[in-house]
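Try each task before reading its solution.

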Amino acid sequence: MGSIIDINDTLEITEEQGFPTDVFDLARHQANPITIDDVGNRVFSFRGKVKPRIFQLDPVRVFFYQNQTVNGQTTWLAWGEVLIQSLHIEKNPDAPHTSKRNESDPGQWVTSGTYTMLKVYDPEYQRIATHHQTPEGFDYFAVSGQ
């Protein structure tokens, strides 16, 4: 009764949640594009996604976005597509229960997991995907002026 679990086809994470900025750096990508050959065998992890979430599982692709603040505004930057390898949902003991007593409170739960890269977008496609696939006002390139 009252349980809420989001089903996502998009993994958008911040650096704090495990976005691998050491691998996916925009300036470096624009100068010397990262390819699937560079990262295809790596397993990456994410953590601390608030709310209980289920992502589409391998072999179904999940869109991959970097969530970052630019000029005080949250933006998304498209990087490619991933395959979810594992999911872990756990209760955050530090989050207060704010729902009714007999209802689950999604804010008390966090999701973590692992993924591998399926596709890395080349810089031109990255710009197009970011522009066309992000929610209004979240386009990294529009907010950053690049």
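This is a predicted model: local features need pLDDT of at least 70, side-chain atom pairs count only at pLDDT 80 or more; totals for chains, interfaces and linings use all residues.

**Exercise 1.** Find what caps the N-terminal end of H3.

Solution. Go to Asp122, whose side-chain oxygen lies 3.0 Å from the backbone nitrogen of Glu124.

Residues are numbered from 1 along each chain as its sequence is written, and side-chain values use heavy atoms, with hydrogens and water left out.

**Exercise 2.** Work out which residues of H3 are buried and why they share a side.

Solution. Step one: in H3 (residues 123-133), Gln126, Ala129 and Thr130 are buried (under 20% relative accessible area with a 1.4 Å probe, protein chains only; exposed is over 50%, partly exposed in between). Step two: these residues cover an arc of only 100° around the axis, so they sit on the same side of H3 (the arc is that of the directions from the helix axis to the C-beta atoms). Step three: the face turned away from that side carries the exposed Glu124, His131 and His132.

**Exercise 3.** Identify what covers the buried residues of H3.

Solution. The cover includes helices H1 (26-31) and H4 (140-144), together with strands E5 (62-70) and E6 (73-91). Contact here means heavy atoms within 4.5 Å.

Definitions and conventions. Helices (H or I, at least four residues) and strands (E, at least two) are DSSP runs, numbered from the N terminus. A polar contact is a pair of N or O atoms within 3.5 Å; within protein, one must be able to donate a hydrogen and the other to accept it, and residues adjacent in sequence count only if both atoms are side-chain atoms.
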